[in-house]
Amino acid sequence: MTIDSIQTGGARGVPLVELQDVSIAFGGIRAVDHASVDLYAGEVVGLLGHNGAGKSTLIKVLSGAYKRDSGNIRIDGKEADISNPRDAKAYGIETIYQTLALADNVDAAANLYLGRELRTRWGTLDDIAMEAECRRVMGRLNPNFRRFKEPVKSLSGGQRQSVAIARAIHFNARILIMDEPTAALGPQETAQVGELIMQLKAQGIGIFLISHDIHDVFDLADRLAVMKNGRVVGTAHVKDVTKDEVLGMIILGKCPPGAIPGPGAIKEA
Amino acid sequence: MGWGMAEQSNAGGPASSNEGLFRRLLRAAEIDTRMLGMLAALLLIWVGFDVMSAILRPGGGGLFGGSFLTSRNLWILLVQTSVIAVMTTGMVLVIVLRQIDLSVGSMLSVVAVATGVLQVFELGPTLGVGHPAIWIIAVIFAIALGAAIGMFNGVLIAYGQIPSFIVTLGGLIAFSGAAFLIASGVTVAPMDKTFKLIGGNGPLASIGPMWSWVLAAVACVGIGIATLSGRRRRLKFSFAPKPVWADVLTVVVGCAAVLGTTAVVNSYLWPARVAERFAVENNIPIPAGVENRAGLAICTAGDKVVTCLDGLSFQTGYPIPVLIMLAVGLVMTFVARRTRFGRYIFATGGNPEAAELAGVNTKRLTVMVFTLMGALVGISAIIASARLDAATTALGTLNELYVIAAAVIGGTSLAGGIGTIYGAIVGALLMQSLQSGMALLNVDSAYTNIVVGIVLVLAVFVDQAYRRRVK
């Protein structure tokens, strides 16, 4: 029985993304060590682990921010050549970084379109069209948002977050990476992000959700993968494991029976 | 009741109601209040110098009786500003990108000397002295050489990952040595006669009153069209345009500034000797008149040519280096505000990592910005050597510091991400005003340096205090 055929949750056929045997080291430290994870269309996969477990590093390989030392990335079953963020965007991979990665000194519209500016027929920036579109998008995402003329530095955490989210979903992403999307948010905004994830999932977008919060992952994800010391402890369907078992995976690296063990799982004595 | 009302209207909009009417008007018109403060400071300095020079030496003919606010001094001030101002527009982008270029002064020397050697020792003998192609080749060569040196800096910084401070500090030292070697330690002179005009030398180096007015008219129409099209585009996407009075004010003030400047440069007349020589050479009859020592025109009295009130005079109009400065300012403003390249520079300066993650090729961007800086140094080298009619290895000495100071006085933040081209040009003008004003008052240049240094530090202090209050 292949691993693919055990995948559950409406995910079938060729995975949208396959990360296979990905390794990356910084100096002598193996931040990610032969990690393999996959993601299907319309599926949310939660990536869990302690600080420094390698989850952010792993997805930064996918988003093009880091270049892997070895391993393969396949999109729609085809080998993908991702060596910088531009390559990743060309494959429809969008990322909401934990730091939000906003240019603080420019306004919301400039951030929304950073790297993909709308231009007039003379090739100049079409700021007015960008602002108009930004007003439309933000009106849907965060109706209270009014401060279009101000640098994003002066916005609140939630407002900044919505700019980062708008940027990730505005350009027809197929694969969305969310790195701690709710870390800086209040309860109400967190609930909004949760709704948004469900909407995007329904549209067939594949989502990697990185989180510290095990409850978030159980609420939102279809499957989860746990990392420890750069290695995958195991992957599991959320229905097949309990929160306590997942905590065991995160803390001890112990793979429960409901999960498929990875190279990072400790061997039972 | 007052406070309750105030709080309610606070909730209604971003503009807090306890700010003054004036401030609200400025906000509605989207006027840069910081810029307004700088212009006020500039005006204060100008008036101050005129009044002081009036006290020291009355009868200078200036607005307040001194010799600073005279058309002659203002005309010269603009010409003197152009070398630094052209480079400052590039330095703004370099600093906005969180980099620095300490090598521009030495680079100016090396480009000027190489271009001088090219025209004096190579093109002159080969093509014949005064050949019309010489100045064109020299100009292209200077800009290309500047761009090449800038690109070299940029590649070391972006791909060699050496801090720009170090790369350009090395350049500051190395390029001045290179300039000395190229010139073999001597002053290279004289420049080609057409090339010389770029420096603003002689009567033909200005475009005259008629073309100056034509230019002013074009600029006025341009301001009008730009304002109108901005208005129309905002309406098209149905969000509120600026209030009508604000747009009208922009056009009126802009136009008045253009016309006023034009009137000033046009009212600067050729010096009597230059006018006389020109009249004789071109067989222009000099009218008879009565000698008047305060007069600026020329007349014949008997067989002598004297100065008089009514007689033959020539208006200068805009000098070529000032036109170059204005053109560079316009183009660079366009580049910074309306192009993707400019947007990337600001975004990268604000958060380099975010720009990289958003797909901006920040390494290539760095190389491009330093290349542009180099090309602008090339233009400044042309103006500086043409103005001096000679290329020396000391031509650009200390220019890097003046350029950086002008950019900083003009509101460019060394932390990156913030700065404007027009601010930097006004900064350059402000610094040059201090220097030539104090020269006019016969202040020792040692004191001048002390004052300029203090003003630089003070400007940044005031600026930061202002920004904290605005926050």
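The structure described here is a predicted model. For chain A the mean pLDDT is 88, and 95% of the residues reach 70 or more. Over residues 1-11 of chain A, however, the pLDDT is below 50, and this stretch has twelve contacts in the model beyond near neighbours in sequence. Where pLDDT is low, the predicted coordinates should not be read in detail.

Chain A contains nine helices and eleven strands. The radius of gyration of chain A is 19 Å, close to the 18 Å that the globule rule gives for 269 residues, so the chain is as compact as a globular protein of that length. Along the principal axes, the C-alpha atoms of chain A fill a box of roughly 65 × 40 × 40 Å. Buried residues make up 49% of the 269 residues of chain A. Of the contacts in chain A with a separation of 6 or more, 65% are between residues 24 or more positions apart.

Four strands of chain A form an open sheet in the order E2-E1-E4-E5, with antiparallel pairing. E2 and strand E5 (78-79) are the edge strands, each of which pairs on one side only. Strands of a sheet pair through backbone hydrogen bonds, either parallel or antiparallel. Between E4(A) and E5(A), which run antiparallel, there are two bridges. A:Ile75 has A:Lys78, in E5(A), as its bridge partner.

Backbone geometry was examined next. Most residues other than glycine have a negative phi, and most peptide bonds are trans. A:His34, although not a glycine, has a positive phi of about 45 degrees. This residue belongs to strand E2 (residues 29-39) of chain A. A:His34 is partly exposed, because 17 other C-beta atoms lie within 10 Å, a count between the limits for exposed and buried residues. A positive phi, near 50 degrees, is also found at A:Asn229, a residue other than glycine. A:Asn229 is located in the loop between strand E9 (223-228) and strand E10 (231-237) of chain A, and with 17 other C-beta atoms within 10 Å it is partly exposed. In chain B, the peptide bond from B:Ala189 to B:Pro190 is cis, with omega near -10 degrees. B:Pro190 is part of the loop between helix H7 (164-183) and helix H8 (193-197) of chain B.

Helix H6 of chain A spans residues 157-169. Its 13 residues reach 19 Å from the first C-alpha to the last, close to the 18 Å expected at 1.5 Å a residue. The buried residues of H6(A) include A:Val163, A:Ala164, A:Ile165 and A:Ala166, and among them are also A:Gln159 and A:Arg167. The elements of chain A that cover these buried residues include strand E6 (93-96), helix H4 (108-112), helix H5 (127-141), strand E7 (175-179) and helix H7 (187-202).

In chain B, helix H3 (residues 33-56) has 24 residues, which should span 34 Å at 1.5 Å a residue; the end C-alpha atoms are 34 Å apart, in agreement with this value. Within H3(B), the residues B:Met38, B:Trp46, B:Phe49, B:Asp50, B:Ser53 and B:Ala54 are buried. An α-helix has 3.6 residues a turn, so residues three or four places apart point the same way. Helix H17 (421-440) of chain B is included in what covers the buried residues of H3(B). Helix H2 (residues 21-28) of chain B holds B:Leu25, which counts as partly exposed because it has 14 C-beta neighbours inside 10 Å. A distance of 41 Å separates the C-alpha atoms of B:Leu25 and B:Val104, which are 79 residues apart along the chain.

The contact between the two chains takes 22 residues from chain A and 23 residues from chain B. On the side of chain A that touches chain B, the elements giving two or more residues are helix H3 (85-90) and H5 of chain A. By class, this side of chain A has 13 nonpolar, three polar and six charged residues.

Key: Residues are numbered from 1 along each chain as its sequence is written. Chains are lettered from A and ligands numbered from 1 in the order in which they are written. This is a predicted model: local features need pLDDT of at least 70, side-chain atom pairs count only at pLDDT 80 or more; totals for chains, interfaces and linings use all residues. The expected span of a helix is 1.5 Å times one less than its number of residues. A residue is buried if 20 or more other C-beta atoms lie within 10 Å of its own, exposed if 12 or fewer, and partly exposed in between; C-beta atoms are placed from the backbone. Two residues are in contact if their C-beta atoms, placed from the backbone, lie within 7 Å. pLDDT is the predictor's confidence in each residue, from 0 to 100. Ala, Val, Leu, Ile, Met, Phe, Trp, Tyr, Cys and Pro count as nonpolar, Asp, Glu, Lys and Arg as charged, and the others, Gly among them, as polar. The radius of gyration is taken over C-alpha atoms; the globule rule is 2.2 Å times the number of residues to the power 0.38. Two strands pair if DSSP finds at least two bridges between them.
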